[in-house]
Amino acid sequence: MDKEYIAQLLELYFKDEATHKQREELFDELQKGYETAEWEELLMALAKKTACEKSYNPTDWEATIRRIIQQQAKVVPINKKRHWWRIPAAAAVFIFVAIGFSYWIFFHKKEPSQVGQKPVAASHNDVLPGQDGAILTLSSGRKIVLDSTMGNIASEGGVKVINKDGSVSYSPVTDDQNAHATVYNIINTPKKRQYQLMLADGSKVWLNAASSIRFPTAFKGKERMVEVTGEAYFEVARDALKPFIVAVNGMKVEVLGTQFNINAYGDEHTIKTTLLEGKVRIRKNENTAVLEPGEQAIATINKSTSANLTIDRSPNINKIVAWKDNRFYFQDDNIKTIMRQLERWYDVSVVYDSNISTQYTGIIGRDETISKVLEMFQKLGDIKFTIEGTTIHVKKLK
């Protein structure tokens, strides 16, 4: 394939303007591998073209790209049976880092001004990012903090609860006298926490910050039903005889075996169900919709609204599941939408000292302190942040 065309595909991809066919073409080319000089030429040209003027440092870019190329001269092969958003992590990291997102490159709708280059003002200690952790509530009401409790932590309803390596799992106990009883557990992640669990049927669930899931310790009926608040990502174990159902704020998502993401934070005013693999049926009041892979159902939380279920046929999957890969992904997002995500992950409150409607696009790791994150926005010059304890003041500069 012509190098100029590959460069065009790369640029379209990182602007989220590539069609599905163009993405497939790009990843097919990545499987082949290129000589170091060829990759360096492509990446350097695109970096210079794409990078924000104030963020671009030729020395940094050259050193970074050469280091990446040396470490990954050959891109990990891609399984063609997988969708484009399921490419191997090594290949994804290669592309994202090489293009410079790890250098906090942002694209603003306006040209950045000359002000706002100073560090974010913090009157007290900086705020650290969130981490793995959750609270497990047993059927008895006993609460267990999963951040510090490890090993076999409980036995209920014919299963033992095991907490290991930042994940909870449920394993059957054949000699349990209460094996026939159906009991429910709840796992909730406070702000500044995320967690993973494996249900008794083998289904995996990832919980974002400020989220919860209520579920039976063992699925014994004709269906597998769980209840969710906040945001969760599911990889459902296939069982054609026992459908998996997620109940969330008056809506039900029914699946047999699939991967999908549900975002149902109350302060977002919508419930977004995004399908990555398989097929799901959405039921909201009188409305029903069936999703195909790569589609998103958007339901309004207001139950009085009649036309409250719409379908987005081409959502940005990378953006939607970025939280699961420990990244913030913004795409023309209003600053208030962005700050709501930061509130949940850093457990802070936000005060707006003026009316602000600025939009941003960019990718940021969720492992940085909040001052580092805010500094990237502030460098654009039209917003100033001040940290006072766990309160963030946001002010628009004139």
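Mentor: R313 has a relative accessibility of 54% and counts as exposed. The model is a predicted one, in which local features need pLDDT of at least 70 and side-chain atom pairs count only at pLDDT 80 or more, while totals for chains, interfaces and linings use all residues. Residues are numbered from 1 along each chain as its sequence is written, and side-chain values use heavy atoms, with hydrogens and water left out.

Trainee: Why does R313 count as exposed?

Mentor: Exposed means over 50% relative accessible area, buried under 20%, and partly exposed in between (1.4 Å probe, protein chains only). R313 stands at 54%, and therefore counts as exposed.

Trainee: What makes E295 buried or exposed?

Mentor: E295 has 11% relative accessibility, which is under 20%, so E295 counts as buried.

Trainee: Why is the contact of R313 with E295 called a salt bridge?

Mentor: The term requires a side-chain nitrogen of Lys or Arg within 4 Å of a carboxyl oxygen of Asp or Glu. The closest N and O atoms of R313 and E295 are 3.0 Å apart, so the pair qualifies.

Trainee: Why is the contact between R281 and E254 called a salt bridge?

Mentor: Their N to O distance is 3.8 Å, within 4 Å, and therefore the term applies.

Trainee: Why is R281 called partly exposed?

Mentor: R281 has 32% relative accessibility, which lies between 20% and 50%, so R281 counts as partly exposed. E254, at 25%, is partly exposed by that definition.
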